[in-house]
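This report concerns one protein chain and the surroundings of selected residues.

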Amino acid sequence: MLAEEIELRRHIERVAEQGHALAPGGTVPQNCELIGENGPVTLSEWLGDKQTLEVYSCVYGQQRKRF
């Protein structure tokens with residue numbers, strides 16, 4: 001089991017390196033408009049006084065069931 005845990009850790013590190021090698025995202029314009037439950041809202045209105053937006057994205061292959 002120790003060998004499997006070591007290989008898992010190495011795999012995690014390889015995947016992290018691939019993620020770090022991706023091109024960084026660009027600047028999102030403040031007037032970017034989103035459609036919310038109550039209609040359109042700009043990104044700056046939605047964020048309010050927050051300076052940071054963290055986006056978590058899951059990408060699934062075509063064989064995976066959708067939610």
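The text below treats the overall fold, then individual residues.

The model is predicted: local features require pLDDT of at least 70, side-chain atom pairs count only at pLDDT 80 or more, and totals for chains, interfaces and linings use all residues. Residues are numbered from 1 along each chain as its sequence is written, and side-chain values use heavy atoms, with hydrogens and water left out.

The protein chain contains two helices and two strands, arranged along the sequence as α-β-β-α. Helices (H or I, at least four residues) and strands (E, at least two) are DSSP runs, numbered from the N terminus. Of the 67 residues, 3% are buried. The accessible surface is about 7,100 Å², with 54% belonging to carbon and sulfur atoms; areas come from the Shrake-Rupley method with a 1.4 Å probe, and for residues only the protein chains shown count as cover.

Two residues are set out below; buried means under 20% relative accessible area, exposed over 50%, and partly exposed in between (1.4 Å probe, protein chains only).

Leu34 touches Gly39, Pro40, Val41, Leu43 and Trp46, residues up to four places away in sequence not being counted; contact means heavy atoms within 4.5 Å. Leu34 and Glu45 are 11 residues apart in sequence, and their C-alpha atoms are 9.9 Å apart.

Trp46 also belongs, with Leu53 and Val55, to a nonpolar surface patch of about 350 Å² accessible area together. Patches are made of residues with over 30% relative accessible area and no salt bridge, like charges being joined within 9 Å and nonpolar side chains (Val, Leu, Ile, Met, Phe, Trp, Tyr) within 5 Å. A salt bridge is a side-chain nitrogen of Lys or Arg within 4 Å of a carboxyl oxygen of Asp or Glu.
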